[in-house]
Amino acid sequence: MILRLVLWSALYALPIFVRSDFLLTILIFTFIYGMLGVTLDLIFGFTGQLSMFHPAVFGVSAYMTYLLASKAGLPFWLATIPSALTAVVLAMIVGSICFKFRLKTFYFAVVTLAFAEVIRLVVLNWNSVTNGTLGLVVTGRPTVWLPGMGVVAIKGPVAWYYLTLVSLTLTVIVCARCLSSWMGRCFGAIRLNEDLARTLGIDVFRYKLASFAVGNALASFAGGLYGYYTAYIDPGYLSINQSMDVLAMVLLGGQGTLIGPIVGSLVLTSLPHVIDLRAEARAILYGAILIFTILVMPRGIVGTFNAWRARRAA
Amino acid sequence: MTQLVLGQVLNGAIIGAMYGIIALGITLTFGITGIVNFALGEFMMIGAYATYALAERFGWPYPVAVVPACLIAAAAGYLANKAFFRFTRNNLVNGLLVSIGLISILESAALLFWTATPLEMHFVLPGALRLGEVGLPKMKLVVFAVILAVIVLTYLGLARTWLGRAAFAYAQNPEAAMLMGVHTPRLETAVMLYSTGLAGLGGALYASLYSLEPAMGGVYVLKGMEAAILGGIGSLMGSLWGGVILGVIEGVGSIFLPTAFRDAYGLAILVAILLFRPAGLFGTE
């Protein structure tokens with residue numbers, strides 16, 4: 001607990017000491033992918049449903065947030081709300097179909113993947129709205145109200161650093177609250193033994209759907225932020241690779257922990273910057289890391305570290 | 001119009017039969033050894049590129065090039081099994097994740113090696129059979145016949161031979177099968193060799209009809225999986241029919257509806273069928 005508090009405060013204090021744009025940029029990407037990782041972990045690591053639907057929600061929200069802001073003139077924060085609602089509706093539809101038929105483990109993964117592909121096709125071919133493969137250039141910035149400074153636009157690495165860090169913190173807090181509640185216990189029961197959970201009177205369908213909806217709704221914010229931060233959106237946001245990257249982060253960091261996906265995200269986002277690699281070589285490295293983690297270190301970095309600490313304390 | 005629809009039905013049936021081959025491989029590997037090999041599409045890609053290399057670069061005749069291409073795919077499957085897949089037995093999620101890692105590695109390796117430019121082979125068997133108003137390309141008929149023969153032979157082999165019965169026994173209870181004199185590690189290897197070799201054959205046949213891209217495997221394995229669910233997991237003939245139905249729906253659907261969404265039509269049918277028959281068309285509860 002203390003270790004965790006120290007780590008979080010260190011993150012908040014970091015820009016005071018470090019002014020390197022390079023480092024801050026890596027950390028901003030880490031935080032955005034960390035949000036995706038944590039929300040995927042809520043569905044996969046805590047509830048045991050391997051969802052491949054994350055890139056669809058991520059991409060759709062990125063498009064929707066920007067389009068609502070530019071076409072309808074909504075401010076950034078107001079535009080994220082319909083995006084999150086869309087994410088919930090999509091998750092409800094796909095989740096109901098999958099969970100109604102009790103598609104489990106990899107059948108669930110494959111069907112969610114197929115749905116994500118269909119959504120990618122829609123985004124790719126809806127030229128009049130999404131501009132197809134060319135993508136959209138995002139203009140405008142999110143604004144925040146700060147006491148004493150009024151409404152300011154988010155500009156420059158330090159501002160983005162705090163915006164993404166606060167978003168990540170809120171995501172983690174919401175997930176942690178969910179998990180420590182009755183709902184979270186139900187998620188755990190479903191992961192460990194679905195049939196037993198059902199006989200104990202847990203509405204498995206409802207709680208699976210709840211986990212899926214909450215995870216996807218939170219992930220949609222990451223999409224909105226990412227689009228504005230990179231100032232460019234294209235259908236590649238919805239690609240299968242995106243799903244794989246996030247999954248690799250969760251597994252490498254440690255599934256079933258809230259800090260794990262963030263650690264995994266830090267390692268995998270900083271890796272290509274530390275060692276310079278071509279895109280193909282990077283994909284090979286990702287694949288190798290994924291396989292290595294599953295076969296050799298199935299609990300991930302954080303899980304292994306926790307086990308090591310528990311052994312030392314005993 | 002008849003020409004167009006019939007052409008698309010045949011096209012769909014052939015592409016569907018390719019889905020069927022992948023679905024058969026997935027069903028066999030999963031049903032018998034409890035291993036999920038979601039990377040089967042990549043072995044198909046290996047088979048396709050090996051055929052291309054042997055036939056176009058070394059100038060071998062196509063039918064001669066197909067056999068070593070299957071063997072290369074099977075050898076790659078053997079290595080993947082020894083190095084990764086045998087550790088994921090009876091763990092579906094780990095099998096899927098290892099497969100995803102392997103897909104990433106093999107696809108990127110193919111990109112480095114062959115680049116993203118689509119490759120096309122020369123016509124193997126030009127010409128078409130004419131049936132009244134409708135023309136059917138000969139090569140497509142040959143490919144369809146070969147796939148059909150392979151699936152029927154697999155079915156017979158599993159139903160009629162000692163090895164097939166041993167495989168069923170192993171699927172039901174590995175320990176009991178071992179006590180009855182089945183060499184189980186060897187059987188597991190054999191299933192893996194067969195399914196990846198089969199995927200390689202699918203790739204070799206694919207190479208004779210369509211252009212090759214490193215990303216082809218990913219598409220086919222997704223469709224193969226849909227076909228396997230559609231037909232009912234565990235049913236061998238079901239996987240073939242599931243694939244053919246999926247392929248024909250996509251082909252015919254893209255005549256009447258926008259082509260860009262062809263991948264969605266099969267999925268819509270899959271969901272509709274799951275609504276009425278959760279165990280798939282040929283599966284049993």
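This is a predicted model: local features need pLDDT of at least 70, side-chain atom pairs count only at pLDDT 80 or more; totals for chains, interfaces and linings use all residues.
Residues are numbered from 1 along each chain as its sequence is written, chains are lettered from A and ligands numbered from 1 in the order in which they are written. Local features need pLDDT of at least 70 and side-chain atom pairs count only at pLDDT 80 or more, while totals for chains, interfaces and linings use all residues.

**View 1. Chain B meets chain A.**
Here 31 residues of chain B are in contact with 27 residues of chain A. Two residues are in contact if their C-beta atoms, placed from the backbone, lie within 7 Å. Three helices of chain B, α4 (92–114), α9 (216–231) and α11 (262–276), each supply at least two residues of the side that touches chain A. Helices (H or I, at least four residues) and strands (E, at least two) are DSSP runs, numbered from the N terminus. The most comes from α4(B), with 15 residues. By class, this side of chain B has 24 nonpolar, five polar and two charged residues. Ala, Val, Leu, Ile, Met, Phe, Trp, Tyr, Cys and Pro count as nonpolar; Asp, Glu, Lys and Arg count as charged; the others, Gly among them, count as polar.

**View 2. Helix α1(B) crosses α9(B).**
The axes of α1 (residues 2–33) of chain B and α9(B) come within 7 Å and cross at roughly 70°. Axes are lines fitted to C-alpha atoms, for helices over the stretch in contact, and angles run from 0 to 180 degrees between N-to-C directions. The two helices, α1(B) and α9(B), are therefore roughly perpendicular to each other. That term covers 65 to 115 degrees; angles under 35 degrees count as roughly parallel, over 145 as roughly antiparallel and the rest as oblique. Residues of α1(B) in this contact include B:Met18, B:Ile22 and B:Ile26. Among those of α9(B) are B:Tyr220, B:Lys223 and B:Ala227. The residues of the contact divide into 10 nonpolar, four polar and one charged.

**View 3. The largest nonpolar core.**
This core has 187 residues. A nonpolar core is a set of buried Ala, Val, Leu, Ile, Met, Phe, Trp, Tyr and Cys residues joined through C-beta atoms within 7 Å. A residue is buried if 20 or more other C-beta atoms lie within 10 Å of its own, exposed if 12 or fewer, and partly exposed in between, with C-beta atoms placed from the backbone. A:Ile32, B:Ile22 and B:Leu96 are among the residues that touch the most other members. Leaving aside neighbours within four places in sequence, B:Leu96 is in contact with A:Leu50, A:Phe106, A:Ala109, B:Val36 and B:Phe38.

**View 4. B:Ile249 in its helix.**
B:Ile249 lies in helix α10 of chain B. B:Ile249 is buried, with 20 other C-beta atoms within 10 Å. Not counting residues up to four places away in sequence, B:Ile249 touches B:Tyr265, B:Gly266 and B:Ile269.

**View 5. A:Ala217 in helix α10 of chain A.**
A:Ala217 counts as buried, with 22 C-beta neighbours inside 10 Å. A:Ala217 touches A:Ala84, A:Ala87 and A:Val88, not counting residues up to four places away in sequence.

**View 6. Two loop residues of chain A.**
A:Ala231 is found in the loop between α10 (204–230) and β4 (232–233). Phi of A:Ala231 is near 60°, a positive value in a residue other than glycine. A:Trp126 sits in the loop between α5 (105–125) and α6 (127–130). A:Trp126 is partly exposed, with 14 other C-beta atoms within 10 Å.
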